[in-house]
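My notes follow in the order in which I checked things.

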Amino acid sequence: MTPWSNESLSSCAYADPYAAPDPHDSPWLTPAHIGDDLDYFLPPPNPAERLGRVLAPRDERRLALNVALTAAGIPPMPEDRAVIDQLSALPADVNTVLQRWLHHAL
């Protein structure tokens, strides 16, 4: 068996995987220019522009239960939706106890 050597690969074509493509071939509508800072923070939200809607208590409990299950490492499956909706229809105290149980399960 002959030892491997990269000297025998000198006849192969070399393609630089980090080479920048031609800016004229870019699929973006406005090509980025060298020196443009494309990484920036979004401005903070304006409270005056928030939607004036409030979730129904049942919807709040449903979302809170989904969050508690996910945080406990039990992501809800699509087929669990009906059960979560039924649990959300129960009084708020029941939902609070379920969330406490899930939180202590961690």
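Entry 1. I looked up what covers the buried residues of α1, and the cover includes α2 (81-89) and α3. The model is a predicted one, so I note everything below as computed from it.

Entry 2. Which residues of α1 are buried? I found R61, L65, A68 and L69. They cover an arc of only 95 degrees around the axis, so they sit on the same side of α1. On the face turned away from that buried side I found the exposed residues V67 and A71.

Entry 3. I checked the length of α1, which runs over residues 57-71. Its 15 residues, at 1.5 Å a residue, should span 21 Å.

Entry 4. I looked just past the end of α1. G73 has a positive phi there, of about 85 degrees.

Entry 5. I moved on to α3, which covers residues 92-104 and contains N95. Is N95 buried or exposed? Its relative accessible area is 2%, and buried means under 20%, so N95 counts as buried.

Entry 6. I listed what N95 touches, leaving out residues up to four places away in sequence. The list is R61, L65, L87 and S88. Two of these names, R61 and L65, were already in my notes as buried residues of α1.

Entry 7. What does the side chain of N95 reach? I found the backbone oxygen of R61, at 3.3 Å.

Conventions. Residues are numbered from 1 along each chain as its sequence is written. This is a predicted model: local features need pLDDT of at least 70, side-chain atom pairs count only at pLDDT 80 or more; totals for chains, interfaces and linings use all residues. Side-chain values use heavy atoms; hydrogens and water are left out. Helices (H or I, at least four residues) and strands (E, at least two) are DSSP runs, numbered from the N terminus. Buried means under 20% relative accessible area, exposed over 50%, partly exposed in between (1.4 Å probe, protein chains only). A polar contact is a pair of N or O atoms within 3.5 Å; within protein, one must be able to donate a hydrogen and the other to accept it, and residues adjacent in sequence count only if both atoms are side-chain atoms. Contact means heavy atoms within 4.5 Å. The expected span of a helix is 1.5 Å times one less than its number of residues. The arc is that of the directions from the helix axis to the C-beta atoms.
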